[in-house]
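Dear colleague,

I am handing over the structure below, and after it you will find my notes on what was found. Please read them alongside the model.

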Amino acid sequence: MEDRPLDEPALIERAKRGDVAAYERIVSEHQTIAFRTAWTITGSAADAEEAAQDAFVNAYRALGRFRSGAPFRPWLLRIVANEARNRRSAAGRRQRLAVRAAGERREDDAVPSPESALLGSERRRELLAAVERLGEADREVIVCRHLLELSEAETAAVLGVRRGTVKSRLSRGLARLRGELEAGGG
Amino acid sequence: MAELERELWALGRYVEYPPTPALDRPVRERLALEPAPRRPRLVWPRGRRAAALAGVVVLGAGATAYAASESVRDAIRDVLGLEGATIQRSDYPPPAPTQRRLALGEPASLAGASRALAFAPLVPSELGDPDRLFVRRSVRGGELSLVYLPRPGLPRTATTGVGLLIGEFRGDLLGEYLHKIVGDATRVERLRIDGSRAAWIAGAPHFFFYGDRGTIAESELQLAENVLLVERDDVLVRIEGALGRAAAVRIARSLRPS
(Lines give C-alpha, C1' and ligand atoms only; values in the text may rest on other atoms or scores of the structure.)
Protein backbone atom coordinates (compact mmCIF):
# COMPACT_ATOMS: atom_id res chain seq x y z
CA MET A 1 0.00 0.00 0.00
CA GLU A 2 1.36 3.40 -0.91
CA ASP A 3 1.98 5.63 2.06
CA ARG A 4 1.09 8.98 0.57
CA PRO A 5 -1.71 11.43 1.25
CA LEU A 6 -4.82 10.32 -0.51
CA ASP A 7 -5.52 12.32 -3.65
CA GLU A 8 -8.96 10.90 -4.15
CA PRO A 9 -9.90 12.60 -7.42
CA ALA A 10 -6.65 11.38 -8.97
CA LEU A 11 -7.22 7.88 -7.63
CA ILE A 12 -10.73 7.86 -9.02
CA GLU A 13 -9.49 8.89 -12.44
CA ARG A 14 -6.91 6.12 -12.31
CA ALA A 15 -9.54 3.62 -11.21
CA LYS A 16 -11.77 4.69 -14.07
CA ARG A 17 -8.97 3.65 -16.40
CA GLY A 18 -8.84 0.21 -14.78
CA ASP A 19 -6.19 0.76 -12.12
CA VAL A 20 -7.47 -1.67 -9.50
CA ALA A 21 -4.63 -0.80 -7.11
CA ALA A 22 -5.81 2.82 -7.10
CA TYR A 23 -9.32 1.64 -6.39
CA GLU A 24 -8.03 -0.53 -3.56
CA ARG A 25 -6.75 2.61 -1.86
CA ILE A 26 -10.16 4.19 -2.22
CA VAL A 27 -11.72 1.10 -0.66
CA SER A 28 -9.26 1.28 2.24
CA GLU A 29 -10.18 4.89 2.83
CA HIS A 30 -13.92 4.32 2.90
CA GLN A 31 -14.36 0.77 4.11
CA THR A 32 -15.07 1.70 7.72
CA ILE A 33 -17.85 4.15 6.96
CA ALA A 34 -19.21 1.85 4.29
CA PHE A 35 -19.32 -1.11 6.65
CA ARG A 36 -20.83 0.85 9.53
CA THR A 37 -23.45 2.37 7.27
CA ALA A 38 -24.37 -1.08 5.98
CA TRP A 39 -24.44 -2.44 9.52
CA THR A 40 -26.73 0.36 10.63
CA ILE A 41 -29.19 -0.73 7.96
CA THR A 42 -28.86 -4.52 8.14
CA GLY A 43 -28.10 -4.90 11.84
CA SER A 44 -25.92 -7.87 10.96
CA ALA A 45 -22.15 -7.82 10.66
CA ALA A 46 -22.11 -10.64 8.10
CA ASP A 47 -24.74 -8.99 5.93
CA ALA A 48 -23.01 -5.63 6.29
CA GLU A 49 -19.69 -7.08 5.18
CA GLU A 50 -21.27 -8.70 2.16
CA ALA A 51 -23.25 -5.56 1.31
CA ALA A 52 -20.22 -3.28 1.64
CA GLN A 53 -18.02 -5.57 -0.40
CA ASP A 54 -20.61 -5.90 -3.16
CA ALA A 55 -21.15 -2.15 -3.06
CA PHE A 56 -17.47 -1.48 -3.66
CA VAL A 57 -17.43 -3.92 -6.55
CA ASN A 58 -20.56 -2.43 -8.08
CA ALA A 59 -19.28 1.09 -7.54
CA TYR A 60 -16.13 0.21 -9.46
CA ARG A 61 -18.19 -1.14 -12.33
CA ALA A 62 -20.26 2.05 -12.31
CA LEU A 63 -17.32 4.45 -12.06
CA GLY A 64 -17.88 5.47 -15.65
CA ARG A 65 -21.09 7.14 -14.53
CA PHE A 66 -19.42 8.96 -11.66
CA ARG A 67 -18.95 12.60 -12.57
CA SER A 68 -15.36 13.67 -12.12
CA GLY A 69 -14.95 16.20 -9.35
CA ALA A 70 -18.20 15.32 -7.60
CA PRO A 71 -18.05 14.20 -3.95
CA PHE A 72 -17.36 10.48 -3.97
CA ARG A 73 -18.60 9.48 -0.53
CA PRO A 74 -22.30 10.30 -0.98
CA TRP A 75 -22.26 8.48 -4.31
CA LEU A 76 -20.62 5.45 -2.73
CA LEU A 77 -22.84 5.43 0.34
CA ARG A 78 -25.94 5.46 -1.82
CA ILE A 79 -24.74 2.22 -3.42
CA VAL A 80 -23.84 0.79 -0.02
CA ALA A 81 -27.28 1.62 1.36
CA ASN A 82 -29.01 0.01 -1.61
CA GLU A 83 -26.98 -3.15 -1.19
CA ALA A 84 -27.69 -3.19 2.52
CA ARG A 85 -31.40 -2.73 2.00
CA ASN A 86 -31.47 -5.60 -0.46
CA ARG A 87 -30.26 -7.79 2.36
CA ARG A 88 -32.30 -6.34 5.16
CA SER A 89 -35.60 -7.94 4.28
CA ALA A 90 -34.06 -11.39 4.28
CA ALA A 91 -32.10 -10.77 7.45
CA GLY A 92 -33.23 -11.90 10.83
CA ARG A 93 -33.25 -9.90 14.01
CA ARG A 94 -31.29 -6.68 13.88
CA GLN A 95 -28.35 -6.43 16.21
CA ARG A 96 -28.91 -3.50 18.48
CA LEU A 97 -26.60 -0.56 18.92
CA ALA A 98 -24.43 -0.80 21.97
CA VAL A 99 -22.03 1.50 23.77
CA ARG A 100 -18.70 0.77 25.23
CA ALA A 101 -18.20 0.57 28.95
CA ALA A 102 -17.44 3.73 30.89
CA GLY A 103 -14.11 5.25 30.05
CA GLU A 104 -13.63 3.45 26.75
CA ARG A 105 -13.77 5.28 23.49
CA ARG A 106 -13.70 4.32 19.90
CA GLU A 107 -10.28 3.52 18.53
CA ASP A 108 -10.46 6.49 16.15
CA ASP A 109 -11.18 8.93 18.99
CA ALA A 110 -7.68 9.53 20.24
CA VAL A 111 -8.55 12.54 22.33
CA PRO A 112 -11.94 12.74 23.99
CA SER A 113 -13.94 15.81 23.10
CA PRO A 114 -15.28 17.92 25.97
CA GLU A 115 -18.77 16.70 25.08
CA SER A 116 -17.87 13.02 25.24
CA ALA A 117 -16.03 13.53 28.49
CA LEU A 118 -19.23 14.95 29.96
CA LEU A 119 -21.44 12.12 28.84
CA GLY A 120 -21.65 9.59 31.61
CA SER A 121 -22.07 5.89 30.98
CA GLU A 122 -25.59 5.78 32.37
CA ARG A 123 -26.67 8.64 30.15
CA ARG A 124 -25.10 6.91 27.14
CA ARG A 125 -27.12 3.75 27.72
CA GLU A 126 -30.26 5.76 28.32
CA LEU A 127 -29.78 7.77 25.12
CA LEU A 128 -29.00 4.72 23.03
CA ALA A 129 -31.97 2.80 24.39
CA ALA A 130 -34.20 5.73 23.48
CA VAL A 131 -32.74 5.84 19.97
CA GLU A 132 -33.42 2.11 19.63
CA ARG A 133 -37.05 2.59 20.60
CA LEU A 134 -37.62 5.02 17.74
CA GLY A 135 -39.22 4.01 14.48
CA GLU A 136 -36.92 3.03 11.66
CA ALA A 137 -37.07 6.34 9.80
CA ASP A 138 -36.34 8.38 12.93
CA ARG A 139 -33.63 6.02 14.08
CA GLU A 140 -31.82 5.90 10.76
CA VAL A 141 -31.65 9.64 10.27
CA ILE A 142 -30.36 10.21 13.80
CA VAL A 143 -27.81 7.44 13.54
CA CYS A 144 -26.58 8.70 10.17
CA ARG A 145 -26.29 12.35 11.15
CA HIS A 146 -25.24 12.14 14.77
CA LEU A 147 -23.67 8.76 15.41
CA LEU A 148 -22.04 8.03 12.06
CA GLU A 149 -21.45 11.76 11.61
CA LEU A 150 -22.47 11.72 7.98
CA SER A 151 -23.00 15.03 6.25
CA GLU A 152 -26.47 16.08 5.21
CA ALA A 153 -25.70 15.11 1.61
CA GLU A 154 -24.37 11.73 2.67
CA THR A 155 -27.37 11.11 4.88
CA ALA A 156 -29.67 12.02 2.01
CA ALA A 157 -27.82 9.54 -0.20
CA VAL A 158 -28.05 6.76 2.37
CA LEU A 159 -31.73 7.33 3.03
CA GLY A 160 -32.55 7.93 -0.62
CA VAL A 161 -34.24 11.25 0.10
CA ARG A 162 -33.61 14.91 -0.61
CA ARG A 163 -31.52 17.03 1.71
CA GLY A 164 -34.58 18.99 2.74
CA THR A 165 -36.23 15.76 3.78
CA VAL A 166 -33.20 14.92 5.92
CA LYS A 167 -33.67 18.21 7.78
CA SER A 168 -37.36 17.73 8.39
CA ARG A 169 -37.00 14.05 9.26
CA LEU A 170 -34.18 14.83 11.66
CA SER A 171 -36.19 17.54 13.33
CA ARG A 172 -39.11 15.13 13.82
CA GLY A 173 -36.80 12.36 14.96
CA LEU A 174 -35.16 14.54 17.58
CA ALA A 175 -38.56 15.66 18.85
CA ARG A 176 -39.63 12.04 19.21
CA LEU A 177 -36.36 11.19 20.88
CA ARG A 178 -36.96 13.94 23.44
CA GLY A 179 -40.37 12.44 24.02
CA GLU A 180 -38.86 9.01 24.53
CA LEU A 181 -36.34 10.38 27.00
CA GLU A 182 -38.98 12.26 28.92
CA ALA A 183 -41.22 9.21 29.02
CA GLY A 184 -38.28 7.19 30.25
CA GLY A 185 -37.35 9.76 32.86
CA GLY A 186 -34.44 11.16 30.81
CA MET B 1 -26.65 23.28 18.95
CA ALA B 2 -29.25 21.93 21.36
CA GLU B 3 -28.15 19.92 24.35
CA LEU B 4 -29.63 16.71 23.03
CA GLU B 5 -27.73 17.04 19.76
CA ARG B 6 -24.50 17.66 21.64
CA GLU B 7 -25.13 14.53 23.63
CA LEU B 8 -25.79 12.52 20.48
CA TRP B 9 -22.56 13.68 18.87
CA ALA B 10 -20.76 12.64 22.02
CA LEU B 11 -22.61 9.33 22.10
CA GLY B 12 -21.32 8.61 18.63
CA ARG B 13 -17.82 8.36 20.01
CA TYR B 14 -18.87 5.47 22.22
CA VAL B 15 -20.99 3.36 19.91
CA GLU B 16 -19.58 -0.11 19.67
CA TYR B 17 -19.66 -1.15 16.05
CA PRO B 18 -18.55 -4.59 14.97
CA PRO B 19 -14.90 -4.51 13.85
CA THR B 20 -14.61 -3.37 10.25
CA PRO B 21 -13.52 -6.29 8.09
CA ALA B 22 -10.75 -5.66 5.58
CA LEU B 23 -12.56 -5.13 2.31
CA ASP B 24 -9.77 -3.75 0.16
CA ARG B 25 -8.08 -7.02 -0.62
CA PRO B 26 -11.19 -9.09 -1.40
CA VAL B 27 -12.55 -6.27 -3.54
CA ARG B 28 -9.28 -6.08 -5.40
CA GLU B 29 -9.29 -9.84 -5.96
CA ARG B 30 -12.82 -9.75 -7.29
CA LEU B 31 -11.98 -6.92 -9.66
CA ALA B 32 -8.65 -8.25 -10.83
CA LEU B 33 -10.11 -10.02 -13.82
CA GLU B 34 -12.61 -7.34 -14.75
CA PRO B 35 -12.20 -4.91 -17.61
CA ALA B 36 -11.76 -1.25 -16.81
CA PRO B 37 -15.02 0.47 -15.89
CA ARG B 38 -14.83 2.60 -18.98
CA ARG B 39 -17.84 4.14 -20.50
CA PRO B 40 -17.79 5.62 -23.97
CA ARG B 41 -18.97 9.17 -23.68
CA LEU B 42 -20.13 11.60 -26.24
CA VAL B 43 -18.18 14.84 -25.90
CA TRP B 44 -20.62 17.65 -26.15
CA PRO B 45 -19.43 20.93 -27.52
CA ARG B 46 -21.27 23.31 -25.24
CA GLY B 47 -21.06 21.89 -21.74
CA ARG B 48 -24.03 21.07 -19.59
CA ARG B 49 -26.56 22.92 -21.68
CA ALA B 50 -25.96 20.64 -24.57
CA ALA B 51 -24.87 17.62 -22.66
CA ALA B 52 -28.10 15.74 -22.43
CA LEU B 53 -29.13 13.23 -24.99
CA ALA B 54 -32.44 11.65 -24.24
CA GLY B 55 -35.84 10.88 -25.57
CA VAL B 56 -39.33 10.75 -24.24
CA VAL B 57 -42.17 8.59 -25.23
CA VAL B 58 -44.72 7.76 -22.69
CA LEU B 59 -44.08 8.25 -19.07
CA GLY B 60 -43.55 10.59 -16.20
CA ALA B 61 -41.40 9.75 -13.26
CA GLY B 62 -44.02 9.70 -10.56
CA ALA B 63 -44.55 6.03 -9.91
CA THR B 64 -43.04 4.30 -6.93
CA ALA B 65 -39.62 3.14 -7.95
CA TYR B 66 -37.73 0.07 -6.96
CA ALA B 67 -34.16 -0.87 -7.59
CA ALA B 68 -33.45 -2.99 -10.59
CA SER B 69 -33.14 -6.62 -9.62
CA GLU B 70 -29.72 -7.61 -8.43
CA SER B 71 -29.01 -9.89 -11.36
CA VAL B 72 -29.83 -7.11 -13.79
CA ARG B 73 -27.79 -4.52 -11.98
CA ASP B 74 -24.83 -6.83 -11.72
CA ALA B 75 -24.96 -7.49 -15.41
CA ILE B 76 -25.30 -3.90 -16.52
CA ARG B 77 -22.37 -2.42 -18.34
CA ASP B 78 -22.54 1.17 -19.43
CA VAL B 79 -22.14 1.74 -23.09
CA LEU B 80 -23.17 5.36 -23.27
CA GLY B 81 -23.72 7.87 -20.56
CA LEU B 82 -24.78 11.47 -20.67
CA GLU B 83 -26.20 13.89 -18.24
CA GLY B 84 -29.63 13.53 -19.70
CA ALA B 85 -29.55 9.85 -20.39
CA THR B 86 -27.70 6.64 -19.93
CA ILE B 87 -27.64 3.69 -22.26
CA GLN B 88 -26.49 0.50 -20.66
CA ARG B 89 -25.80 -3.00 -21.83
CA SER B 90 -27.03 -5.88 -19.74
CA ASP B 91 -26.60 -9.62 -20.02
CA TYR B 92 -29.97 -10.02 -18.41
CA PRO B 93 -32.41 -7.37 -19.54
CA PRO B 94 -35.55 -6.98 -17.48
CA PRO B 95 -38.57 -8.99 -18.61
CA ALA B 96 -40.09 -7.47 -21.70
CA PRO B 97 -43.41 -5.74 -21.42
CA THR B 98 -45.50 -7.12 -24.25
CA GLN B 99 -47.67 -4.13 -24.94
CA ARG B 100 -46.95 -0.50 -24.49
CA ARG B 101 -49.71 1.83 -23.53
CA LEU B 102 -49.34 5.19 -25.15
CA ALA B 103 -50.01 7.73 -22.44
CA LEU B 104 -48.54 10.84 -23.89
CA GLY B 105 -50.28 13.63 -22.03
CA GLU B 106 -53.04 15.92 -23.19
CA PRO B 107 -54.07 16.32 -26.83
CA ALA B 108 -53.03 19.71 -28.14
CA SER B 109 -52.74 21.75 -31.30
CA LEU B 110 -49.38 22.81 -32.59
CA ALA B 111 -50.10 26.40 -31.60
CA GLY B 112 -51.22 25.32 -28.14
CA ALA B 113 -48.12 23.20 -27.73
CA SER B 114 -45.90 26.13 -28.68
CA ARG B 115 -47.43 28.16 -25.87
CA ALA B 116 -47.16 25.36 -23.33
CA LEU B 117 -43.60 24.24 -23.99
CA ALA B 118 -40.30 25.80 -23.00
CA PHE B 119 -39.00 25.25 -26.53
CA ALA B 120 -40.19 25.63 -30.08
CA PRO B 121 -41.70 22.34 -31.30
CA LEU B 122 -39.80 20.69 -34.11
CA VAL B 123 -41.82 19.08 -36.89
CA PRO B 124 -40.27 16.97 -39.67
CA SER B 125 -40.98 18.60 -43.03
CA GLU B 126 -40.39 15.17 -44.52
CA LEU B 127 -43.65 14.00 -42.96
CA GLY B 128 -45.65 17.17 -42.46
CA ASP B 129 -47.92 17.83 -39.51
CA PRO B 130 -48.55 14.86 -37.22
CA ASP B 131 -51.85 13.00 -37.05
CA ARG B 132 -51.96 13.48 -33.29
CA LEU B 133 -50.06 15.76 -30.96
CA PHE B 134 -49.80 15.57 -27.19
CA VAL B 135 -48.23 17.69 -24.49
CA ARG B 136 -47.23 16.54 -21.06
CA ARG B 137 -46.84 19.40 -18.64
CA SER B 138 -45.58 17.39 -15.67
CA VAL B 139 -42.13 17.16 -17.24
CA ARG B 140 -40.00 20.22 -16.59
CA GLY B 141 -40.12 22.41 -19.67
CA GLY B 142 -42.86 20.24 -21.09
CA GLU B 143 -42.77 17.19 -23.29
CA LEU B 144 -44.11 17.03 -26.80
CA SER B 145 -45.18 13.88 -28.62
CA LEU B 146 -45.92 13.78 -32.32
CA VAL B 147 -47.81 10.71 -33.48
CA TYR B 148 -47.93 9.57 -37.11
CA LEU B 149 -50.36 6.80 -37.93
CA PRO B 150 -49.22 3.86 -40.08
CA ARG B 151 -49.03 4.64 -43.78
CA PRO B 152 -46.83 3.75 -46.73
CA GLY B 153 -43.27 4.33 -45.64
CA LEU B 154 -44.29 4.28 -41.96
CA PRO B 155 -45.20 0.68 -41.11
CA ARG B 156 -46.99 -0.08 -37.88
CA THR B 157 -44.52 -0.32 -35.03
CA ALA B 158 -45.04 -3.40 -32.89
CA THR B 159 -44.15 -1.64 -29.66
CA THR B 160 -46.32 1.44 -30.07
CA GLY B 161 -48.96 0.45 -32.59
CA VAL B 162 -48.40 3.66 -34.54
CA GLY B 163 -46.33 4.45 -37.60
CA LEU B 164 -43.91 6.83 -35.97
CA LEU B 165 -43.54 8.45 -32.61
CA ILE B 166 -41.42 11.55 -32.09
CA GLY B 167 -40.76 12.81 -28.57
CA GLU B 168 -39.20 16.14 -27.74
CA PHE B 169 -38.18 17.80 -24.50
CA ARG B 170 -35.58 20.10 -23.02
CA GLY B 171 -32.83 17.67 -22.12
CA ASP B 172 -30.79 20.30 -20.33
CA LEU B 173 -33.56 20.81 -17.77
CA LEU B 174 -33.96 17.23 -16.69
CA GLY B 175 -30.63 15.85 -15.55
CA GLU B 176 -30.18 12.12 -15.85
CA TYR B 177 -33.71 11.25 -16.80
CA LEU B 178 -33.90 8.61 -19.45
CA HIS B 179 -32.28 5.23 -19.07
CA LYS B 180 -31.99 2.58 -21.70
CA ILE B 181 -31.09 -1.04 -21.21
CA VAL B 182 -29.94 -2.90 -24.25
CA GLY B 183 -28.88 -6.49 -24.74
CA ASP B 184 -25.84 -7.62 -26.64
CA ALA B 185 -27.88 -8.04 -29.81
CA THR B 186 -28.77 -4.37 -29.89
CA ARG B 187 -26.55 -2.02 -31.88
CA VAL B 188 -25.69 1.36 -30.46
CA GLU B 189 -24.08 3.65 -32.96
CA ARG B 190 -22.99 7.22 -32.52
CA LEU B 191 -23.80 9.57 -35.34
CA ARG B 192 -23.56 13.17 -36.36
CA ILE B 193 -26.52 14.59 -38.15
CA ASP B 194 -25.76 17.95 -39.72
CA GLY B 195 -23.36 18.67 -36.89
CA SER B 196 -25.73 17.52 -34.15
CA ARG B 197 -24.76 14.55 -32.06
CA ALA B 198 -27.00 11.55 -32.19
CA ALA B 199 -27.24 7.87 -31.35
CA TRP B 200 -28.91 5.11 -33.34
CA ILE B 201 -30.16 2.18 -31.29
CA ALA B 202 -31.40 -0.77 -33.28
CA GLY B 203 -31.16 -4.45 -34.01
CA ALA B 204 -33.20 -5.96 -31.21
CA PRO B 205 -35.87 -4.86 -28.79
CA HIS B 206 -34.46 -2.77 -26.00
CA PHE B 207 -35.85 -1.15 -22.93
CA PHE B 208 -36.07 2.28 -21.57
CA PHE B 209 -37.43 3.80 -18.45
CA TYR B 210 -37.62 7.07 -16.67
CA GLY B 211 -36.42 7.25 -13.16
CA ASP B 212 -34.27 8.83 -10.59
CA ARG B 213 -30.81 7.62 -9.64
CA GLY B 214 -30.88 4.50 -11.70
CA THR B 215 -34.01 2.98 -10.29
CA ILE B 216 -36.71 1.40 -12.38
CA ALA B 217 -40.35 1.97 -11.74
CA GLU B 218 -42.13 -1.21 -12.66
CA SER B 219 -44.88 0.54 -14.51
CA GLU B 220 -42.35 2.60 -16.42
CA LEU B 221 -40.38 -0.14 -18.07
CA GLN B 222 -41.02 0.08 -21.78
CA LEU B 223 -40.09 -1.85 -24.84
CA ALA B 224 -38.76 0.15 -27.74
CA GLU B 225 -38.13 -0.52 -31.39
CA ASN B 226 -35.51 1.24 -33.49
CA VAL B 227 -34.76 4.61 -31.99
CA LEU B 228 -32.78 7.61 -33.13
CA LEU B 229 -31.83 10.08 -30.42
CA VAL B 230 -30.68 13.43 -31.67
CA GLU B 231 -29.90 16.72 -30.06
CA ARG B 232 -31.12 19.90 -31.64
CA ASP B 233 -29.80 22.76 -29.51
CA ASP B 234 -31.47 22.30 -26.11
CA VAL B 235 -34.14 20.01 -27.45
CA LEU B 236 -33.68 16.28 -27.28
CA VAL B 237 -35.57 14.45 -29.98
CA ARG B 238 -36.42 10.79 -29.90
CA ILE B 239 -37.63 9.17 -33.11
CA GLU B 240 -39.04 5.67 -32.75
CA GLY B 241 -40.46 3.45 -35.42
CA ALA B 242 -40.00 0.40 -37.61
CA LEU B 243 -37.56 2.38 -39.70
CA GLY B 244 -34.08 1.88 -40.98
CA ARG B 245 -31.32 4.23 -39.98
CA ALA B 246 -31.31 6.14 -43.26
CA ALA B 247 -35.03 6.86 -43.06
CA ALA B 248 -34.76 7.97 -39.43
CA VAL B 249 -31.82 10.23 -40.22
CA ARG B 250 -33.73 11.73 -43.14
CA ILE B 251 -36.63 12.52 -40.83
CA ALA B 252 -34.27 14.02 -38.25
CA ARG B 253 -32.64 16.19 -40.89
CA SER B 254 -36.00 17.57 -41.87
CA LEU B 255 -36.92 18.74 -38.36
CA ARG B 256 -37.89 22.41 -38.46
CA PRO B 257 -39.34 24.77 -35.84
CA SER B 258 -43.07 24.91 -36.36
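Chain A has nine helices and zero strands, where helices (H or I, at least four residues) and strands (E, at least two) are DSSP runs, numbered from the N terminus. This is a predicted model, in which local features need pLDDT of at least 70 and side-chain atom pairs count only at pLDDT 80 or more, while totals for chains, interfaces and linings use all residues. Residues are numbered from 1 along each chain as its sequence is written, and chains are lettered from A and ligands numbered from 1 in the order in which they are written.

Of the 186 residues in chain A, 41% are buried (20 or more other C-beta atoms within 10 Å of the residue's own, with C-beta atoms placed from the backbone; 12 or fewer is exposed, and in between is partly exposed).

As for packing, helix H1 (residues 8-16) of chain A and helix H2 (residues 20-42) of chain A have axes 7 Å apart and an angle of about 135 degrees between them (axes are lines fitted to C-alpha atoms, for helices over the stretch in contact, and angles run from 0 to 180 degrees between N-to-C directions). That makes H1(A) oblique to H2(A) (angles under 35 degrees are roughly parallel, over 145 roughly antiparallel, 65 to 115 roughly perpendicular, and the rest oblique).

In chain B, helix H5 (residues 245-253) has Ala248(B), Ile251(B) and Ala252(B) as its buried residues. Seen down the axis of H5(B), these fall within an arc of 100 degrees, so they line one face of the helix, the arc being that of the directions from the helix axis to the C-beta atoms.
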